[in-house]
Amino acid sequence: MEHKCVGCPETLMKNCKPTLWGTFVNIVKNEGVGALYRGLAPTLFMAIPSTMIFFTAYDIMKEKITPLLGKRADVLAPMASAIAAREVFRTVCQEVKQSGATALWRGLGTTLMRDLPFSAFYWAGYEHFKKKFNVLTKEKFPNASNFAAGATSGMIVAAATTPFDVVKTHLQVDMGQTNGKTASQKVPSMFTIMNNIRRQYGMVGLYTGVAARVIKVAPASAIMIGTYEFFKGFFANRNREI
């Protein structure tokens with residue numbers, strides 16, 4: 001749904017550049033707090049099984065890969081495991097894809113260009129920062145260390161991979177415009193869109209919305225990994241007691 005900037009005259013709408021806070025206030029004021037959670041059900045429907053598959057694959061891959069990488073295992077094992085786990089999930093999705101649903105998979109290349117680097121560097125950063133925070137706290141607060149490490153790594157990697165997210169958004173917009181016109185028109189490639197953004201807006205244009213992305217990803221990453229590590233430890237302890 002399109003959220004208009006209520007404070008701008010219609011003649012200035014095209015030149016309006018709403019801020020993150022201004023957009024937040026406008027949505028709450030005109031559509032209510034519930035609008036901020038619109039689409040939550042389908043999001044959870046996709047996120048829960050994908051998270052289960054990803055984390056299970058990540059832990060298995062990391063356990064198998066770590067002994068093979070020697071001294072660089074601390075950095076390379078999380079990166080390789082995250083990429084492999086992401087590919088496992090993508091393969092599962094392709095297996096359940098039905099014929100005639102190819103439109104749902106447009107932009108897959110751009111999404112992978114965003115998600116694979118994010119997963120690789122996020123998990124490498126998470127493992128690194130978790131060790132640092134555990135040293136600082138003398139391992140007295142492991143849950144807090146997991147939470148802080150997830151937030152720190154998520155914040156850094158979210159900012160670094162913002163250009164791919166911007167390109168993916170432009171690609172989705174172009175796909176919508178193409179679908180509304182003629183079937184003969186082709187959707188621009190990822191690199192074409194990236195070059196167009198760079199020429200029109202400069203390098204800054206590739207980081208449009210970086211603040212909103214960081215604000216979204218950092219706490220989400222912290223909650224996700226903190227919850228996962230807590231319950232992984234909880235059930236591991238229960239299994240040892242049985």
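## Overall organisation

In this predicted model, residues 24 or more positions apart account for 70% of the contacts in the protein with a separation of 6 or more, where contact means heavy atoms within 4.5 Å. The protein has 8 helices and 0 strands, so that the order from the N terminus is α-α-α-α-α-α-α-α. Helices (H or I, at least four residues) and strands (E, at least two) are DSSP runs, numbered from the N terminus.

Of the 242 residues, 30% count as buried; buried means under 20% relative accessible area, exposed over 50%, and partly exposed in between, with a 1.4 Å probe and protein chains only. The accessible surface comes to about 16100 Å², and carbon and sulfur atoms hold 65% of that area. Such areas come from the Shrake-Rupley method with a 1.4 Å probe, and for residues only the protein chains shown count as cover.

## Nonpolar cores

A nonpolar core is a set of buried Ala, Val, Leu, Ile, Met, Phe, Trp, Tyr and Cys residues joined through side-chain atoms within 4.5 Å. The largest one has 15 residues, and F55, F118, Y122, W123 and I225 have the most contacts inside it. Two or more residues each come from α2 (40–65), α4 (108–136), α5 and α8 (210–241). A second, separate core of 9 residues includes F164, V166, M194 and I197.

## Aromatic pairs

The whole structure contains 7 aromatic pairs. Rings of Phe, Tyr and Trp (its six-membered ring) pair if their centres lie within 6.5 Å; planes under 30 degrees apart count as stacked, over 60 as edge-to-face and the rest as tilted. Y122 and W123 form an edge-to-face pair, with 5.5 Å centre to centre and 85° between the planes. Both residues of this pair, Y122 and W123, are buried. One aromatic cluster is formed by F118, Y122, W123 and Y126.

## Surroundings of I225 and N146

Beyond residues up to four places away in sequence, I225 touches F55, Y122, W123, Y126, N146 and G150. N146 lies in helix α5 (residues 142–160). N146 counts as buried because its relative accessibility is 7%. Leaving aside neighbours within four places in sequence, N146 is in contact with Y126, K130, I225 and E229.

## Basis of the values

Residues are numbered from 1 along each chain as its sequence is written, and side-chain values use heavy atoms, with hydrogens and water left out. In this predicted model, local features need pLDDT of at least 70 and side-chain atom pairs count only at pLDDT 80 or more, whereas totals for chains, interfaces and linings use all residues.
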